[in-house]
Amino acid sequence: MALDKTPEPAPPHQMDCEAETAAEVLFVCRDEACGRRVVVGKRQPRLTVIDRGDWHIPHVGSLGGLVIDGVEAA
Ligand SMILES: [Zn+2]
């Protein structure tokens with residue numbers, strides 16, 4: 001019998017679309033203590049981090065056909 005010390009991966013934060021233009025989407029983390037904000041380009045895959053928030057935690061979000069997954073800090 002061994003102690004179960006397997007480190008659990010942090011559950012990903014969910015990001016919501018807060019603003020949108022023809023070219024870009026602003027995603028904001030639902031976790032207020034985190035406050036991560038990123039702008040994702042629609043026409044070309046581009047990610048701009050505005051606020052890093054808890055950058056070590058995976059962030060996922062989706063908007064129609066646009067999905068961001070496992071976004072890393074730029
Ligand atoms: Zn977050």
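Q: Through how many residues does a hairpin join β3 to β4?

A: Strands here are DSSP runs of E of at least two residues, and helices are runs of H or I of at least four residues, both numbered from the N terminus. A hairpin of 4 residues joins β3 to β4. Before going on, note that this is a predicted model, in which local features need pLDDT of at least 70 and side-chain atom pairs count only at pLDDT 80 or more, while totals for chains, interfaces and linings use all residues. Residues are numbered from 1 along each chain as its sequence is written.

Q: How many helices and strands does the protein chain have?

A: There are 0 helices and 6 strands in the protein chain. Read from the N terminus, the order of elements is β-β-β-β-β-β.

Q: Where in the protein chain is confidence lowest, and where is it highest?

A: The score to read is pLDDT, the predictor's confidence in each residue, from 0 to 100. Where pLDDT is low, the predicted coordinates should not be read in detail. Confidence is lowest in strand β6 (residues 66-69), with a mean of 59, and highest in β2, with 93. For the protein chain the mean is 82, and 78% of the residues reach 70 or more.

Q: In which sense do β1 and β2 pair, parallel or antiparallel?

A: Two strands count as paired if DSSP finds at least two bridges between them. Strand β1 (residues 13-20) pairs with β2 in the antiparallel sense, over 5 bridges. A hairpin of 3 residues links β1 to β2. Going across this pair, C17 is opposite F27 in β2, and E20 is opposite V25 in β2.

Q: Over how many bridges do β2 and β3 pair?

A: The pairing of β2 with β3 is antiparallel and covers 5 bridges. E24 faces G41 in β3 across this pair, and the bridge partner of V25 in β3 is V40. β3 in turn pairs with strand β4 (residues 46-51), again in the antiparallel sense and over 5 bridges. There R37 stands opposite D51 in β4.

Q: Which residues make up the largest nonpolar core?

A: A nonpolar core is a set of buried Ala, Val, Leu, Ile, Met, Phe, Trp, Tyr and Cys residues joined through C-beta atoms within 7 Å. The largest one has 7 residues: M15, V25, F27, V28, C29, V38 and V40. β2 and β3 each supply at least two residues of this core. β2 gives the most to the core, with 4 residues.

Q: Which residues is I50 in contact with, leaving aside its neighbours within four places in sequence?

A: Contact means that the C-beta atoms of two residues, placed from the backbone, lie within 7 Å. I50 lies in strand β4. Apart from neighbours within four places in sequence, I50 is in contact with R37, V38 and V39. I50 is partly exposed because it has 13 C-beta neighbours inside 10 Å. In the protein chain, 34% of the contacts with a separation of 6 or more are between residues 24 or more positions apart.

Q: Why does R52 count as partly exposed?

A: R52 sits in the loop between β4 and β5 (59-63). R52 has 14 C-beta neighbours inside 10 Å, so it counts as partly exposed. R52 and R36 are 16 residues apart in sequence, with 5.1 Å between their C-alpha atoms.

Q: Where does D31 lie?

A: D31 is in the loop between β2 (24-29) and β3 (37-41). D31 is partly exposed because 15 other C-beta atoms are within 10 Å. Its C-alpha atom is separated by 9.4 Å from that of G53, 22 residues apart along the chain.

Methods:
A residue is buried if 20 or more other C-beta atoms lie within 10 Å of its own, exposed if 12 or fewer, and partly exposed in between; C-beta atoms are placed from the backbone.
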